[in-house]
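Have the sequence and the 3D view open as you read.

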Amino acid sequence: MKILWIARTCPYPPDDGEKLRVFNLIRNLAHHDITLVCRVMNDKELAGIPVLEKYCHKVRYACIPSPKSNFTRLRWCLPFIFSRYPISLATVFFKEIAGILRKLLAEEAYDIIQIEHSSLTVYLDQLESAERLPKLLTLQNIDSIRNERLLYNMQWGIGKLFLAFNQLRFRNWEKTSIERYDYVLAV
């Protein structure tokens, strides 16, 4: 089976729960033809690419470190403020990754697309050819429920206002995005 696997971050080194799960799934499914697409945020993750290449047919990535300044964070968020998307997707949607995915789908035929996290559904809107393929979504969390809990427990301030504004869009967007999948796996 040819699997196009889209992960939020590079799953190696497996130093948190999400990475541990994704890495071990890939390792145990290595008898399939896996193409992994992910964001690499630091030198540790970049050094892990050769390990992933032992288990994946291809590993494609974009080096995109976390923003170091509020100005960079704001620059990432601006395109999402007046869009139909939740602002929080600015932390997972990158044109470089969308370009990698478009190129792969133009060059190869996949049997299924495996996507980690509902937030990565934003890439499906960039990939018309992905609509015809079976899609599997793994939900590590139901983010709209997690956001509600965070809102309930937060002190009033700019952070709570941002999260409340984001949550207005996110709840409906997440529900609609989940409906686009053929299979949904809740962890």
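What follows looks at one helix, a few strands, one tryptophan and some aromatic rings. Keep in mind that this is a predicted model.

**Helix 1**

Start with helix 1, which covers residues 17–28. Its twelve residues reach 16 Å from the first C-alpha to the last, close to the 16 Å expected at 1.5 Å a residue.

**Strand 5 and its neighbours**

Now move to strand 5. Four of its five residues are buried, so the rest of the structure largely encloses this strand. Strand 4 pairs with strand 5 in the parallel sense over four bridges, and I113 stands opposite K135 of strand 5. Strand 5 and strand 6 also run parallel, joined by four bridges. There, L139 has A186 of strand 6 as its bridge partner.

**A tryptophan in strand 1**

Next up is W5, which lies in strand 1. Is W5 buried or exposed? With a relative accessible area of 3%, under the 20% cut-off, W5 counts as buried. Leaving aside neighbours within four places in sequence, W5 is in contact with residues including V22, I26, L36 and Q114. E116 is another of its contacts, and the side chains of W5 and E116 are joined by a polar contact of 3.4 Å. W5 and I115 are 110 residues apart along the chain, yet their C-alpha atoms are separated by 6.0 Å.

**Rings and charges**

How many aromatic pairs does a search of the whole structure find? The count is seven. For F170 and W173, the ring centres are 6.0 Å apart and the planes sit at 50 degrees, so this pair is tilted. Both residues lie in helix 6 (residues 158–178), three residues apart, about one turn of the helix. F170 and W173 are both buried, too. Elsewhere, F80, Y85, F93 and Y123 form one aromatic cluster.

| Lysine | Ring | Distance from ring centre |
|---|---|---|
| K2 | Y110 | 5.4 Å |
| K160 | W156 | 4.8 Å |

Technical notes:
Residues are numbered from 1 along each chain as its sequence is written. This is a predicted model: local features need pLDDT of at least 70, side-chain atom pairs count only at pLDDT 80 or more; totals for chains, interfaces and linings use all residues. Side-chain values use heavy atoms; hydrogens and water are left out. Helices (H or I, at least four residues) and strands (E, at least two) are DSSP runs, numbered from the N terminus. The expected span of a helix is 1.5 Å times one less than its number of residues. Buried means under 20% relative accessible area, exposed over 50%, partly exposed in between (1.4 Å probe, protein chains only). Two strands pair if DSSP finds at least two bridges between them. Contact means heavy atoms within 4.5 Å. A polar contact is a pair of N or O atoms within 3.5 Å; within protein, one must be able to donate a hydrogen and the other to accept it, and residues adjacent in sequence count only if both atoms are side-chain atoms. Rings of Phe, Tyr and Trp (its six-membered ring) pair if their centres lie within 6.5 Å; planes under 30 degrees apart count as stacked, over 60 as edge-to-face and the rest as tilted. A charge sits over a ring if NZ of Lys or CZ of Arg is within 6 Å of the ring centre and within 35 degrees of the ring normal.
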